[in-house]
Amino acid sequence: MSLILILEQVLNGLQAGVMLFLMAAGLTLIFGVMGLINLAHGSLYMVGAFAAAGVAAATGSFLLALVAALVAAAAAGVVVETVVMRRLYARDHLDQVLATFALILIFSELTRWAFGSFPLYLNPPDWLSGPVTLPGGIRYPVYRLALIGIGLAVGLGLWALTRRTRLGIRIRAGENDREMIAALGVDIGRLYTLVFALGAALAGLAGALVGAIQSVQVGMGEPVLILAFVVIVIGGIGSIRGAFVGALLVGLTDTLGGIFLPELFKLVTDPATATQAGASLSSMSIYILMSLVLIWRPTGLFGAKA
Amino acid sequence: MSERWVTLAALAALLALPLWALAADEPFTITLATRAAILALAATGLNIALGTGGLVSLGHAAFFGIGGYAMGILASHAQTFAPLSLGPWEVPGTQSMPVIWLVAIAASALAALAIGALSLRTAGVYFIMITLAFGQMFFYFATSWRAYGGEDGLSIWVRNGFPGLNTLVPIQFFGLCFAVLLLAMLLHGRLIRAPFGLALDAARQAPARVLAVGLSPYRLQLAAFVLSGAITGLAGALYADLNRFVSPAMLSWQMSGELIVLVILGGVGRLAGPLIGAGLFVALEHWLGGATEYWHAWLGAILLAIVLFARGGIVGLLTGQGDRRG
């Protein structure tokens, strides 16, 4: 096992992590501001990916495809928020789980009806395809490197948005005391729609970006959604910083565990058993990480005290 | 209509349907009724945690699947005559339902103890996400566990036996499942009125006061979670026996979601809620699934309507008492 392989896997882990961050940031923002648990966030990811694949196939432009993903996911978010979510803010979590589970069923079936059950393919643009040689002689796909860059840029942008703008101040105030900021004349209903659309757009962007490495198909959002849940449980619900740290931890653990655990087991047992045990354990590794964090800090790394 | 009559009517309907099917020689209807009874049993388990305990578990498929795999593993070892090695011990497989049930109950109760002990350190939305994540952990474990079929699952050749019954006869197997469901519902009914159930209900509504009178909400809820997981695990063993097949699909998060749907469709915390929910679900699956390939979209629309406009589910509508939570 060479150093280059290890570095490559670390980069893969980072790439998976920043994409998870795009999902987790939206989820944690929506929960933090509106107190809503949104299972249908994975459907918005899927909507973004399908919109991008459709537009890329029609126009051949990857940038247009990304714009389409953002617009379609944000629009779906606005529709869902105004028609359904708005009625759920005052309800308990059970109602929210059930209603958003129903939305997943509806979104998935409508997408299957519109696009069929076969996966679509979305290719990265020519100017981002092929490998690049990094210092140290590592050849790494440009596209995945670009994903890391985009993820970090979005993270920075979100930090600036919440910390440095008037909208960010309102969002943070909404997390703390919604009655008060409503009394101060902020249209809380519009703020909620805006936050929901922002979270949806981030999910749609992640769906389109990841759709170019994996296939675009119905049901692609839910595994990512569950990983994003693990991320925000680790990071602490409502904390964007926690979502960032948690996403990188989960991305790295998931990627590196799959490579190193079988190797680790080979030191103590025969190769066949080691591969099997390593595969089983690595599939569970992020959940073990989550349990450890929970034992240590029940409200996550950056969560507020319960 | 009072809730007691709704419960009795639902039970009578579930019993009458397969008896009619037997007379009309429609064995498939008996299988559908058996499926409804088993799903109702699984949802009755969940209802103890979800309805009475107020614990929104989105990971109950883990227990359902563990029960299913308990059946699959024991029966597959019995049919190949290969003993099951547990470290230093070698245990023969078995095709006897009572033994399989005990193993399914014990294994799922143990899993519920571990998951519950960790998840109950938190509450609210954390609890939902964590139970979902642990459910997913078992799902991925099963898909990577090639010794027992991995992603393809595990099938057995003949249905397991129960002393004194021929379980291959559909109506006899239905009777067995119905009896187990009846026992579980009686248990849940007794539990609601017992001191434990009352304390659990109080821990859901006012944990601080429960703590103040010297009871531990954590231990009450953990006990309820373990009991709930064990019943759902037993249902998993029966479900696998009905299909003579177990696969990671039984452990999937969609399964967890569907179990919650069954409870809510019928009515949260109601004795007959899971039974009515499961009956309705199987009927919808059969009729809508036969009419359109995209029946899940309709199911989604019905669910949305129930959440937004008919809180309390079908039992709530029938009894006119609305929602029981709060």
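L182(B) comes out as partly exposed, because its relative accessible area is 31% (buried is under 20%, exposed is over 50% and partly exposed is in between, with a 1.4 Å probe and protein chains only). This residue sits in helix α6 of chain B, residues 170-193, where helices are DSSP runs of H or I with at least four residues, strands are runs of E with at least two, and both are numbered from the N terminus. L182(B) and A43(B) are 139 residues apart in sequence, yet 13 Å apart in space, C-alpha to C-alpha.

A word on the ground rules: the model is predicted, so local features need pLDDT of at least 70 and side-chain atom pairs pLDDT 80 or more, while totals for chains, interfaces and linings use all residues. Residues are numbered from 1 along each chain as its sequence is written, chains are lettered from A and ligands numbered from 1 in the order in which they are written, and side-chain values use heavy atoms, with hydrogens and water left out.

Next, the pocket. At least two lining residues each come from α1 (3-34), α5 (142-164), α6 (166-176) and α10 (240-266) of chain A, and from α5 (124-144) of chain B. The largest share, six residues, belongs to α5(A). By type, the lining splits into 17 nonpolar, 11 polar and six charged residues (Ala, Val, Leu, Ile, Met, Phe, Trp, Tyr, Cys and Pro are nonpolar, Asp, Glu, Lys and Arg charged, and the others, Gly among them, polar).

On to the rings. Those of Phe, Tyr and Trp (its six-membered ring) pair if their centres lie within 6.5 Å, and planes under 30 degrees apart are stacked, over 60 edge-to-face, the rest tilted. Over all chains, 14 aromatic pairs turn up. F21(A) and F244(A) are edge-to-face, because their planes stand at 85°, with the centres 5.1 Å apart. This pair ties together distant parts of the chain, 223 residues apart: helix α1 for F21(A) and helix α10 for F244(A). F21(A) is buried at 1% relative accessibility, whereas F244(A) is partly exposed at 26%. F139(B) and Y140(B) are also edge-to-face, at 5.3 Å and 70°. F63(B), F127(B) and F225(B) form one aromatic cluster.

Charges sit over rings too (NZ of Lys or CZ of Arg within 6 Å of the ring centre and within 35 degrees of the ring normal). R297(A) lies over the face of W296(A), 5.2 Å from the ring centre, and R159(B) lies over that of F173(B), at 4.2 Å.

Finally, the unreviewed UniProt entry for chain A lists transmembrane regions including residues 97-122 and 277-296; such annotations may be inferred rather than shown by experiment, with feature names shortened and positions in the numbering used here. Residues 277-296 of chain A are 100% helix, with end C-alpha atoms 26 Å apart.
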